[in-house]
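Try each one before reading its solution.

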Amino acid sequence: MLQLQALRENTDGIINALKKRNIDAAALIEEVLTLDEKRRAVQTKLDATLAELNKLSKEIGYLFKSGKTQEANTLKEQTGSLKEISKELNDDLNRTAETLQSKLYQIPNTPHATVPFGKTPEENEEVYKEGAIPQLSANALPHWELAKKYDIIDFELGVKITGAGFPVYKGKGAKLQRALINYFLDKNTAAGYTEVQVPHLVNETSGYGTGQLPDKEGQMYHVGEDDLYLIPTAEVPVTNLYRDVLLNETDFPICHTAYTPCFRREAGSYGAHVRGLNRLHQFDKVEIVRIEHPNHSYVALEGMVAHVKGILKELNLPYRILRLCGGDMGFTSALTYDFEVFSTAQDRWLEISSVSNFETFQANRLKLRYKDSSGKNQLAHTLNGSSLALPRVLAGILENYQTPEGIVIPKVLVPYCGFDSIS
RNA sequence: GGAGAAAUGGCAGAGUGGUCGAUUGCGGCAGUCUUGAAAACUGUUGAGGGUCACACCUCCGGGGGUUCGAAUCCCUCUUUCUCCGCCA
């Protein structure tokens, strides 16, 4: 959520920055500013009324104490109309503040200066590429065929017990999943990220805190009976650990990693792009989250990118890094790098990680602040990234490491798996 | 699931209808002392709104109520603790 003060002081700058998202926010921001002005005007009136009421109450107190009951009762009669006025003003204030809040929720984060213009994923900017694309034999298979051939993932079984998008991992497939989770967690821990295990269901407040609500209401599974949401990413519970928290400057950086399953309704997805492991309703992901001092958050972002690069290099998978264009960037992000691994048998790039700086956008909603050197409370910066999302890494490994004799397990994973091939 | 107790500033913990946004301690910050640090001493130190700055307003778990006036009384919800029951 953008800060009202920033909207007031830098209205044109923000409208301009939001143009990168291909939206004209002028009217919406105008509305917000009008509501803000109204809110302040009503509040001023209410404050004056309450001040008068407080003054009378105090006087009445003194009078009663000194035994001047009659005078006190006379003053009492004056309070009635003031109370009525304050009630009306208070109702007006609440209504205005609520409308203002709902409008504020509709404004996305302002893109960073380096975010390229563009509307579609095709306009994302490739900033890095590494790893040779292997030459596979003519009869190379896509991962869903390989999964069937070696009986390591059963999609039909998942359909039977739940529905499409809920695969069942079997045998070496299940073990490879577990190996990847442990490998990622170990890499992240070694890099200074403290591991946390967090709930997989969150309340509505947490959803608002990181910005999934109200923006992505329909994308999360909602447990109506208890009004809880299944997490779409560990970002939500992990970042919300720091909701309503006041940090010291010396607490930075705060680095966490967490493994969780992720649940996404993926309403509106269809076709070949949802084939196999490409798009699931439930998948596993290891996430990294950082809370940073504003001066350091972009250095931290580069550090996170370098960290994910290191993992992909060890896995020896061909990948590229994209700087997302304004039109493809998430609602809450100021700058996002997507990592894509090349799925050789499908001949397409698959997103396996998304690393973002949210600046103060989430912190403002979370009330996540720190005390600066002059003793003032400032909003912190939040960042997160996947390191990594399992299914597409698995797809990449299966497809890129396939040989006529079977799937070769990447060297770094062998100690975690306890086997070096699937055949 | 049943019974009881509780929720107060960064933390601990007083306060049971009026001058209480709240005693005190710890922690933080500044200073004195010291070559420096520690200790000791002195001062300072909650958040949000509002204002050029003051004034002023709001906040004692959330919401509602009683009252001229609520941290304090009432209702309700949530959470925590203790005991009982159930249980991986």
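A nonpolar core is a set of buried Ala, Val, Leu, Ile, Met, Phe, Trp, Tyr and Cys residues joined through C-beta atoms within 7 Å. Keep in mind that this is a predicted model.

**Exercise 1.** Find which residues touch the most other members of the largest nonpolar core.

*Solution.* Start with the core itself, which has 76 residues. Those touching the most other members are Leu180, Leu388, Val393, Leu394 and Leu398. Next, pick Leu180 and set aside its neighbours within four places in sequence: its contacts are then Leu390, Val393, Leu394 and Leu413. Finally, look for another core apart from this one; it has 8 residues, including Phe252, Leu366, Leu368 and Tyr370.

**Exercise 2.** Work out how helices H3 and H4 are oriented to each other.

*Solution.* First locate the helices: H3 covers residues 26–65 and H4 covers residues 69–104. Their axes lie 8 Å apart, at an angle of about 160°. Angles over 145 degrees count as roughly antiparallel, and H3 and H4 are therefore roughly antiparallel to each other. As for handedness, the crossing of H3 past H4 is left-handed. The residues of their contact comprise 20 nonpolar, 9 polar and 12 charged.

**Exercise 3.** Describe chain A as a whole, from its elements to its contacts.

*Solution.* Begin by counting elements: chain A has 13 helices and 19 strands. Then take the box along the principal axes, which is roughly 100 × 45 × 45 Å for the C-alpha atoms. Of the 423 residues in chain A, 38% count as buried. Last, consider contacts between residues at least 6 apart in sequence: 73% of these join residues at least 24 apart.

Technical notes:
Residues numbered from 1 in each chain as written. Chains lettered and ligands numbered in written order. Predicted model: local features only at pLDDT ≥ 70, side-chain atom pairs only at ≥ 80, totals over all residues. Axes fitted to C-alpha atoms, helices over the stretch in contact; angles between N-to-C directions. Helix = DSSP H or I, 4+ residues; strand = E, 2+ residues; numbered from the N terminus. Parallel < 35°, antiparallel > 145°, perpendicular 65-115°, else oblique. Left-handed = near helix turned anticlockwise from the far one by under 90°. Nonpolar A, V, L, I, M, F, W, Y, C, P; charged D, E, K, R; others polar. Buried ≥ 20, exposed ≤ 12 C-beta atoms within 10 Å, placed from the backbone. Contact = placed C-beta atoms within 7 Å.
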